[in-house]
2 protein chains.
Amino acid sequence: MLSKNQIKDLQSLQLKKIRDQKSLFIAEGSKTVLEILEQKPEIIKDLFVTEDFMTKQGEALETLGLSTVLVSQEELRKISLQPSPSGALAICHFLTHFEKEPNPTASISFFLDDIRDPGNLGTIMRLLAWFGHSTVYCSPSSCEVYNPKVIQASMGAFLRVQVVYRELNDLITEKKIKNIYGAVLDGRSLYTEKFSHGLIVIGNEANGISDINLELLSEKITIPAAQANSTESLNAAMATSIIAAEMFRQKLGS
Amino acid sequence: MLSKNQIKDLQSLQLKKIRDQKSLFIAEGSKTVLEILEQKPEIIKDLFVTEDFMTKQGEALETLGLSTVLVSQEELRKISLQPSPSGALAICHFLTHFEKEPNPTASISFFLDDIRDPGNLGTIMRLLAWFGHSTVYCSPSSCEVYNPKVIQASMGAFLRVQVVYRELNDLITEKKIKNIYGAVLDGRSLYTEKFSHGLIVIGNEANGISDINLELLSEKITIPAAQANSTESLNAAMATSIIAAEMFRQKLGS
């Protein structure tokens, strides 16, 4: 049974300010929690589970030596952000387990310029995990990785893809990056490029790449559309998925 | 000024039952409404606009001879599904303007098996519009195209991509389709296929392709991942975007 104060404390983690103060975030849902238990149980500070989850996973929890708090479905609903929360909710420490950043002079990384939609960021992390990326760069104005909606949409990929916040300009200087590709509507066809190293810059959902970052691009690329100058558009996550897939196809030599 | 009854009537269109009864749906947001005004103004039954929208678009509205109802931001909020509605909301007649369906023995179409998330369906419509598809097939259990969240996510693509609900089995028989590709986790690499005609079946977000439809596939295809047998997954919209892009790349001969 959770006290009113405990519930209030847990709910407060829905605010970025409190997450930053405490270096804690919420990860919830049976699937996500099971993935944490499997891959990084040490990040869990507190674990709240329903009786149903406990019945199914009790043994695993015991093996890990994790102390868990049994909660009712109603209590879970109170501390959850989901309309119908499922099974388990973990309070986790901020992630520090990632190895060093990739070397953008030897491989390709993505840079998200002012991405704002948490669902998009989580989806892109999930996608980049599929294609073996360990890092995604974001401008400092972008959505926060510990936003519960990012964690949710990433479907566990937050455990494998680190998000590094950096100004594009600083990143380029610091890592001496030569090839800066920007995904725009009026560039060269994606399929005329041979990608070997550098950065792919993906713009904001509504406004594309910012003016200041447009000037830093060495090459503009476009995903060919069926009709030139059409009214169609692609969202940031779709554009990223198509470009990341094409880069991976080239790597495979298919 | 809207009466209480008018507001109630408009709000009732948020329910599928009422939409079906009246053959009407809601399309909202300045961008979407402007696209309807440009491409298919004849589908608009009623148009509600804020003063700000009227000031900017009054001339266009007059040219079209559309009668519009001026509403306050507060009234717009009441009839809108958006937390911060923007500018205009149109009540539209169901779409009947589409030409005949494509011929799947001469080109490739997508079939969505039990797609449930309205955001995913809308996103896929937007994506298919980009690659020049005029139709997407959905199993009858799939999400309804006139769901306001589908319309919203499609970003106007609902005007150009028709959604046809059909059982996969019936569609195959009726159109005598030979190549039925299914996107699965354990198929042949997407990049070993040369696509010329047929159907691509995309599975449900949580459960993939249904057992009954799995048996109808003539070929299973997979988007290669960096790590075989990894815990990663792709969502339906991302998988569709990668496959549709690859088909279009082949068509371009890139």
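What share of the 254 residues of chain A count as buried? The value is 43%, where a buried residue has 20 or more other C-beta atoms within 10 Å of its own, an exposed one has 12 or fewer, and a partly exposed one falls in between, with C-beta atoms placed from the backbone. This is a predicted model, in which local features need pLDDT of at least 70 and side-chain atom pairs count only at pLDDT 80 or more, while totals for chains, interfaces and linings use all residues. Residues are numbered from 1 along each chain as its sequence is written, and chains are lettered from A and ligands numbered from 1 in the order in which they are written.

To begin with the overall layout, the C-alpha trace of chain A spans about 60 × 35 × 35 Å along its principal axes. Chain A has 10 helices and 10 strands; these are DSSP runs numbered from the N terminus, with helices being H or I of at least four residues and strands E of at least two. Among contacts in chain A with a separation of 6 or more, 77% come from residues 24 or more positions apart, a contact being two residues whose C-beta atoms, placed from the backbone, lie within 7 Å.

Six strands of chain A form an open sheet in the order β7-β6-β5-β9-β8-β10, with parallel pairing; two strands pair if DSSP finds at least two bridges between them. At the edges lie β7 (162-165) and β10 (219-222) of chain A, each of which pairs on one side only. Within the sheet, three bridges join β8 (residues 180-189) of chain A to β9 (residues 198-202) of chain A, and Y181(A) stands opposite I200(A) in β9(A).

Turning to chain B, helix α8 (residues 168-175) has L168(B), L171(B) and I172(B) buried. Seen down the axis of α8(B), these buried residues fall within an arc of 95°, so they line one face of the helix; the arc is that of the directions from the helix axis to the C-beta atoms. On the other side of α8(B), N169(B), D170(B), T173(B) and E174(B) are exposed. The cover over the buried residues of α8(B) includes β5 (108-112), β8 (180-189) and α9 (211-214) of chain B. After α8(B) comes K176(B), with a positive phi near 50°.

Finally, the two chains meet: 31 residues of chain A are in contact with 31 residues of chain B. On the side of chain A that touches chain B, α10(A) gives the most, with eight residues.
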